[in-house]
Amino acid sequence: MTLKDLLPGQRGVIESLGKQSTLRKRIIDMGLTIGTEIKVIKRAPLGDPIEIKVRGYQLSLRQHEAHEIHVQVLSD
Amino acid sequence: MIKKTIALVGNPNCGKSTLFNTLTGSNQYVGNWPGVTVEKKLGKIKRSDHELTLVDLPGIYSLSTSTLEEVITREYAESGEVDLIVNVVDAANLERNLFLTLQLMEIGKPMIVVLNMIDVLKARGDVLNIQKLAQRLGVEVVEVVASKAEGIETLVETMEADHQPAKFIELYSPKILKLIKTIRESLKISVSPNLHAIRFIEEGMVAALDHGKDAVDLSALNQTVEEALKDNPLDRDMIISDEKYRFITEVSRDVLVRNASDKPTLSERIDAILTHRVLAFPIFLLIMWGVFSLAFGPIGAFAKTYFEAFISSVIGVIASFLSAIGVSDWVYALVVDGILGGVGSVLGFLPEITILFIVLSILEDTGYMARAAFIMDRILRKFGLSGKSFIPMIIGFGCTVPALMATRTLENERDRRLTMIIVPFMSCSARFPIYAVFAAALFKEHQAVAVYSMYLLGIAVAILSGIILKRYVTKGITSNFILELPEYHWPTLRNLTLHTWDKIKGFIIKAGTILVLASIVIYVMSTYTFALQPAVDAADSIIGSIGTFIAPVFSPLGFGDWRSSIALIVGFVAKEAVVSTLGVLHGVGNAASAGISELAAPIQNAYTPLSGLAFMTFSLLYMPCIAAFATLKREMNSWKWTLIAIGYQTGVAYVVALVVYQVGTHLGF
């Protein structure tokens with residue numbers, strides 16, 4: 001499952017980052033490391049990009065970037 | 001007197017610029033980094049026995065990726081010039097900010113951490129143990145609220161005090177620590193050995209080659225690293241960041257007690273409305289409408305009326321003073337007709353331009369720009385652009401130069417190039433006087449419509465250009481959109497004033513130097529012939545002859561008048577000069593009561609509404625002014641692309657103005 005599949009309001013834990021992901025290093029350095037919890041806040045009005053909350057701040061990325069981030073869904 | 005140079009480093013949106021402004025006030029100046037022309041902002045704090053020079057570095061998230069701004073920061077922070085690193089940390093966003101803190105500490109220089117936005121943290125109900133944080137990091141930590149100027153005195157005293165170099169925190173796993181030691185010993189880099197050893201683990205050869213090390217020796221070392229990390233589940237570029245963040249997570253649990261309630265913060269509630277599925281676009285349009293109606297609507301017009309009256313009376317006073325002291329007719333004419341007529345016709349727009357810059361500054365400071373980018377990304381992508389292109393486009397309504405620099409947030413070079421080609425189509429404030437003067441003269445009933453349609457035309461051309469150019473410029477690349485959505489902030493008065501004053505100062509200086517000079521040159525060249533005889537008819541003058549020679553080029557566009565050609569050429573120096581040149585050439589200012597209205601009659605004689613519209617269109621779209629041109633060259637770092645850009649812009653201007661005029665003529669306007 002990837003971050004792209006999470007619905008707004010759902011939480012997940014990062015399992016791995018795809019190798020093709022451009023700016024992979026940037027994503028890592030912004031705190032999206034393995035084991036980090038992510039919450040999807042919302043999608044932009046037109047469905048893409050999405051807004052996530054990670055390490056206490058809000059970050060936006062596109063669906064195709066979210067697709068490279070594999071997560072394990074957390075249930076409440 | 002003790003002198004110190006201090007590097008101010010921090011994440012984007014950590015309030016670093018606000019802190020810099022609070023610390024140095026108006027005692028700032030701008031320079032350039034050697035070799036690269038990224039803006040370098042310096043400020044001084046002078047006290048009885050200390051002189052601190054603060055260098056405001058670009059906002060960055062990390063030292064380990066290789067964007068230009070990160071390289072500049074890393075190289076400067078390591079350099080011998082810096083005595084102290086001041087790392088600004090957004091306390092309300094501790095974990096991500098501490099990542100850069102740990103990297104900066106690895107440089108091994110004296111360093112202090114400034115915790116900014118403590119008020120936001122407290123308002124959220126979080127509790128941070130600052131002493132414990134200082135203890136865990138081993139560096140001094142000072143808390144401030146830069147926007148309210150709280151804690152500044154303590155900060156200055158701390159900056160003046162002496163500090164030990166930051167200690168290397170052994171936060172890594174034993175395997176990594178051992179590798180760092182091995183690499184450090186074989187690389188023998190004297191400056192920041194730990195930082196470079198760590199970079200070698202992450203990036204391999206690239207990092208060490210920076211220091212002129214021999215690649216042959218290094219491949220063995222690289223092999224050692226590969227071997228040591230073979231069984232590690234994480235990739236080389238991930239392992240260091242991963243361990244740093246493990247440490248940060250642990251420290252953060254130790255020092256920070258988060259408010260457990262899941263109640264949305266004020267910022268989140270505002271965001272829920274501003275990026276709402278249904279409301280987002282109506283609100284966005286309302287905000288944009290607000291920006292323009294504040295600047296160019298009744299308030300702007302009201303301010304302008306009084307300001308113009310003021311300018312006219314100043315010109316009147318100067319004129320009567322000149323006649324009173326009995327200067328020769330020639331000097332009188334040069335000053336009153338040439339300089340005052342030309343410059344006065346532009347200066348009158350100062351109030352409206354000021355309001356525009358204030359409103360744009362507010363948009364930038366509050367954090368709304370990132371949201372606009374967020375909601376517009378999907379749309380802009382269709383046009384080969386990115387949501388991130390949107391921020392420079394809005395800034396472009398103020399001035400093209402900072403707008404081109406704002407394109408640096410676009411990570412992809414080709415994305416960025418396309419954005420830089422279309423940004424100048426966004427009508428900058430210097431072009432506004434052209435539309436205002438022409439609309440007032442030719443479209444009395446529909447002035448506002450005529451002016452706004454120019455702005456819309458600029459946006460439309462920018463978007464269409466995206467569609468056309470994306471095939472050539474950004475073909476086949478995957479672009480990115482990784483953008484932090486910062487907390488909303490109230491803009492501070494100090495930032496607003498400094499920012500706006502900066503822009504207005506530029507406008508006034510331009511009016512006082514370039515426009516004065518251009519007006520004098522134009523005036524003199526329009527009163528003499530090539531044979532240096534006084535010209536009876538301005539059309540026979542030097543400038544008249546040049547204009548007449550060029551004019552046929554513009555005839556198909558409806559403005560084959562020689563004055564139009566000259567105004568457009570001078571407009572390359574500064575777009576304001578289009579109006580000031582027309583002012584000089586049409587002999588405005590004669591009555592010693594120069595004002596904008598006086599250009600109305602000559603414009604009505606020289607243009608029909610249709611040819612006036614074509615002229616406005618051409619002025620909107622053709623190549624930007626010389627300052628923007630220089631910025632374009634610098635940022636694109638390629639003559640080829642710079643020339644393509646301005647060639648394209650001027651070509652588009654010609655074609656669109658031609659279409660406007662020819663189609664309009666056939667339709668019988």
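Me: How many C-beta neighbours inside 10 Å does B:S192 have, and what does B:S192 count as?
Reply: A residue is buried if 20 or more other C-beta atoms lie within 10 Å of its own, exposed if 12 or fewer, and partly exposed in between, with C-beta atoms placed from the backbone. B:S192 has 17 C-beta neighbours inside 10 Å, so B:S192 counts as partly exposed. This is a predicted model, in which local features need pLDDT of at least 70 and side-chain atom pairs count only at pLDDT 80 or more, while totals for chains, interfaces and linings use all residues. Residues are numbered from 1 along each chain as its sequence is written, and chains are lettered from A and ligands numbered from 1 in the order in which they are written.

Me: Where does B:S192 lie?
Reply: Helices (H or I, at least four residues) and strands (E, at least two) are DSSP runs, numbered from the N terminus. B:S192 is in the loop between α7 (174–187) and α8 (193–203) of chain B. Its phi is near 40°, a positive value in a residue other than glycine.

Me: What is phi of B:M117?
Reply: For B:M117, a residue other than glycine, phi has a positive value near 60°. B:M117 sits in the loop between β6 (111–116) and α4 (118–123) of chain B. B:M117 is buried because 25 other C-beta atoms lie within 10 Å.

Me: Which order do the strands of the open sheet have?
Reply: Two strands pair if DSSP finds at least two bridges between them. The open sheet has six strands, in the order β5(A)-β1(A)-β2(A)-β3(A)-β4(A)-β10(B), with antiparallel pairing. Its edge strands are β5 (69–74) of chain A and β10 (483–484) of chain B, and each pairs on one side only.

Me: How many bridges pair β4 of chain A with β10(B)?
Reply: Two bridges pair β4 (residues 57–61) of chain A with β10(B), in the antiparallel sense. There, A:S60 stands opposite B:L483. Within chain A, β1 (residues 11–17) and β2 (residues 37–43) pair over three bridges, also antiparallel, and A:R11 stands opposite A:K39.

Me: How many bridges join β2(A) to β3 of chain A?
Reply: β2(A) and β3 (residues 50–54) of chain A run antiparallel and are joined by five bridges; A:V40 has A:I52 as its bridge partner. Their hairpin has six residues between the strands, and A:G47 takes a positive phi near 95°. A:P49 also lies in the loop between β2 and β3 of chain A. The peptide bond joining A:D48 and A:P49 is cis, with omega about -5°.

Me: How many residues of chain B are in contact with chain A?
Reply: Two residues are in contact if their C-beta atoms, placed from the backbone, lie within 7 Å. Here 31 residues of chain B are in contact with 28 residues of chain A. On the chain B side, α3, α11 (236–255), α13 (280–296), α17 (368–382) and β10 each supply at least two residues.

Me: Which domains is chain B divided into?
Reply: Domain bounds come from an automatic or database domain assignment. Chain B has domain 1 (2–160) and domain 2 (174–257), with C-alpha centres 25 Å apart. In chain B, 17 residues of domain 1 are in contact with 17 residues of domain 2. The largest share of the side of domain 1 of chain B that touches domain 2 of chain B, five residues, comes from α3(B).
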